[in-house]
Amino acid sequence: MAPAGCRRSLTQDTSSRHDPELRAAARHFGRRRFFTVTAAAAALAFSANLPARGVAVGTELDAARIPSDPFKLGIASGDPRPDSVLLWTRLAPSPYEPGGGLPEQYVAVEWEVATDERFASIVRRGYAVAFPEYNHSLHVEVGGLAPGRVYYYRFRTGTWISDTGRTRTAPATTAATAKLTYAAVACQAYSDGYFTVHRHLAQDDVDVVFHLGDYLYEYAVNSAGGARDYTDRKLPGLFNREAKTLEDYRLRYALYKSDPDLQAVHAAHPFVVTWDDHETENNYAGTISENNVPPKEFLLRRAGAYRAYWENQPLRGTQQPSGPDMQLYRRLQWGTLAQFDVLDTRQYRSDQAYGDRPHAPGAESDDPARTLTGAAQEKWLIDGWRASGALWNVMAQQVCFSQRKFDLSAEAKMSMDAWDGYRASRRRVLDGAKSAEVDNLVVMTGDVHVGYAFDIKEDFDDPASKTLGTEIVATSVASGSDGADRPANWDTYLKANPHLKFYNGRRGYVRVALDRQKARADFRTVSAVTTPDAPVTTAASFVSEAGSPGLEPV
């Protein structure tokens with residue numbers, strides 16, 4: 001998310017030592033050729049000096065020769081289904097070095113899944129190959145599991161054994177599941193503070209965690225780790241620059257993944273991840289860069305960012321990118337209790353209106369041709385609602401969905417990066433929900449570094465209009481540093497937006513409990529992230545009754 005105000009000035013000097021290689025790689029492919037998927041994939045391979053996608057060649061590394069623990073970046077699981085789960089790790093004995101300290105050889109890794117922490121009852125095991133072409137990452141899709149139960153997993157190569165992770169499968173799609181508890185997190189700028197929020201979430205009792213974007217930031221991280229102000233270590237200078245190339249993004253993930261609190265929460269719970277902007281570049285829109293660099297250059301950067309994202313997240317093979325394209329939107333079921341539609345509001349969007357400055361909606365932003373999701377994803381979402389048999393339909397996405405006026409004037413400014421800048425797109429989605437007879441709509445949001453609770457109104461300018469659903473906005477894990485319970489604009493926002501029921505500017509996460517009668521949201525916050533080990537408290541709790549949308553404080 002950009003600071004309030006805006007897209008960076010086009011006259012700002014944003015050059016770096018990476019710009020020549022990006023331009024050279026883009027020039028290597030003609031303008032017309034670059035815009036084909038195969039040419040973009042080849043451009044990615046060219047820029048990274050890698051073989052084409054899906055090709056793995058070379059020799060095997062004897063794992064006995066790995067000099068130190070290769071599991072320093074932890075383990076993770078994700079996208080639970082009734083009969084399967086995705087297991088992830090990445091081998092990197094020296095995480096802060098290009099290639100993670102491993103040679104350009106593949107490594108055989110054993111994996112195990114058990115019903116107990118001691119692995120006395122192993123139900124699945126096998127071998128997977130960590131290829132250097134994918135930075136020695138592993139994405140193991142384990143099938144044949146029982147629905148609705150907890151499992152434990154680990155990896156082994158040579159004499160090295162990873163930590164043990166805990167995961168679970170979803171209930172059978174036809175199961176009349178009684179309850180579900182999930183958490184949502186977003187926006188974890190490493191240089192803004194410690195990931196204390198993740199440590200507390202690791203100890204919480206939730207079934208699954210949704211990460212709603214800004215898992216990392218492309219911005220430079222200095223040797224002291226920014227606001228972390230390290231005195232016991234000095235980060236390498238290779239982090240002290242903006243990430244632009246595939247290798248830059250890979251190394252930035254290594255920095256983030258080396259954080260012990262982030263490792264703890266991944267080991268404790270399965271994750272469902274989606275991105276926002278900073279995994280690539282602040283406030284980009286589709287093929288349009290924040291700084292208006294030529295699209296062919298930006299798509300080369302986007303290809304590297306997308307590839308590194310997939311390599312470092314617990315995502316299935318169906319999400320593996322092809323050059324600068326990656327289908328991240330997808331659907332998960334939790335019995336007949338909940339359907340989760342996970343959106344991508346970056347890759348397919350129209351450019352932000354009015355230069356991405358806060359602005360009152362007008363002809364430019366309200367053009368019906370504009371879209372936040374792209375036509376295909378919008379149709380997929382609404383078709384999914386029409387076919388849904390779930391009690392709760394949860395839309396997990398990135399930017400603020402409800403109207404959010406910034407001031408009390410008659411022509412109040414709003415964010416042109418959020419759904420307020422794409423009101424026709426929002427109207428189509430809400431009309432689709434009504435036509436699909438979605439009675440219990442919950443929108444989960446990140447991006448804005450504060451916690452909000454909104455009633456989603458038929459007409460946001462008419463407080464008496466029908467409430468169509470609930471929006472729960474998860475504050476940031478670290479972005480924005482410590483924050484405040486009541487930011488300076490707290491009173492203005494509550495007066496300007498009567499459908500806004502809660503506003504808190506501390507760091508934290510939101511925990512949502514669904515059952516057959518209600519949805520309950522607990523806003524969990526910490527007092528500080530610039531110093532470690534702050535306690536967690538519940539800032540507020542709200543309930544929305546099934547069949548009667550609208551938030552009520554508990």
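Which residue in E15 does Met395 stand opposite? The legends below lead to that spot and then move on. This is a predicted model, in which local features need pLDDT of at least 70, side-chain atom pairs count only at pLDDT 80 or more, and totals for chains, interfaces and linings use all residues. Residues are numbered from 1 along each chain as its sequence is written, and side-chain values use heavy atoms, with hydrogens and water left out.

**View 1. The whole protein, to get your bearings.** The protein has 10 helices and 22 strands (DSSP runs numbered from the N terminus: helices are H or I with at least four residues, strands are E with at least two). Of its 554 residues, 61% are buried (buried means under 20% relative accessible area, exposed over 50%, partly exposed in between, with a 1.4 Å probe and protein chains only). Take the contacts (heavy atoms within 4.5 Å) between residues at least 6 apart in sequence: 70% of them join residues at least 24 apart.

**View 2. An open sheet of 7 strands.** The strand order is E12-E13-E14-E15-E17-E16-E18, and the pairing is mixed (two strands pair if DSSP finds at least two bridges between them). Strands E12 (330–334) and E18 (500–504) stand at the edges with a single partner strand each, so one side of each has no neighbour in the sheet. From one strand to the next, the twist averages 20°.

**View 3. E14 beside E15, with two helices.** Here is the answer to the opening question: Met395 stands opposite Val443. Strand E14 (residues 392–396) pairs with strand E15 (residues 441–445) in the parallel sense, over 4 bridges. Helix H8 (residues 375–387) packs on the sheet, where it touches E12, E13 (338–342), E14 and E15, and its direction makes about 175° with that of E13. Helix H9 (residues 423–435) lies across E14, E15, E16 (451–457) and E17 (467–473), at about 120° to E17. For these angles, axes are lines fitted to C-alpha atoms, for helices over the stretch in contact, and values run from 0 to 180 degrees between N-to-C directions.

**View 4. Inside the nonpolar cores.** A nonpolar core is a set of buried Ala, Val, Leu, Ile, Met, Phe, Trp, Tyr and Cys residues joined through side-chain atoms within 4.5 Å. The largest has 83 residues, and Tyr182, Phe210, Phe340, Met444, Val510 and Leu514 touch the most other members. Setting aside neighbours within four places in sequence, the contacts of Val510 include Tyr182, Met444, Ile472 and Phe523. A second, separate core of 33 residues includes Leu343, Leu372, Cys400 and Ala436.

View 5. Gln347 lies in the loop between E13 and H8 and counts as buried because its relative accessibility is 6%. Its side chain reaches the backbone oxygen of Met326 at 2.6 Å and makes a polar contact with the side chain of Asp344 (2.8 Å). A polar contact is a pair of N or O atoms within 3.5 Å; within protein, one must be able to donate a hydrogen and the other to accept it, and residues adjacent in sequence count only if both atoms are side-chain atoms.

View 6. Most residues other than glycine have a negative phi. Asp229, not a glycine, has a positive phi of about 50°, and Asn283, also not a glycine, has one of about 55°. Is each buried or exposed? Asp229 counts as exposed at 53% relative accessibility, whereas Asn283 counts as buried at 3%.
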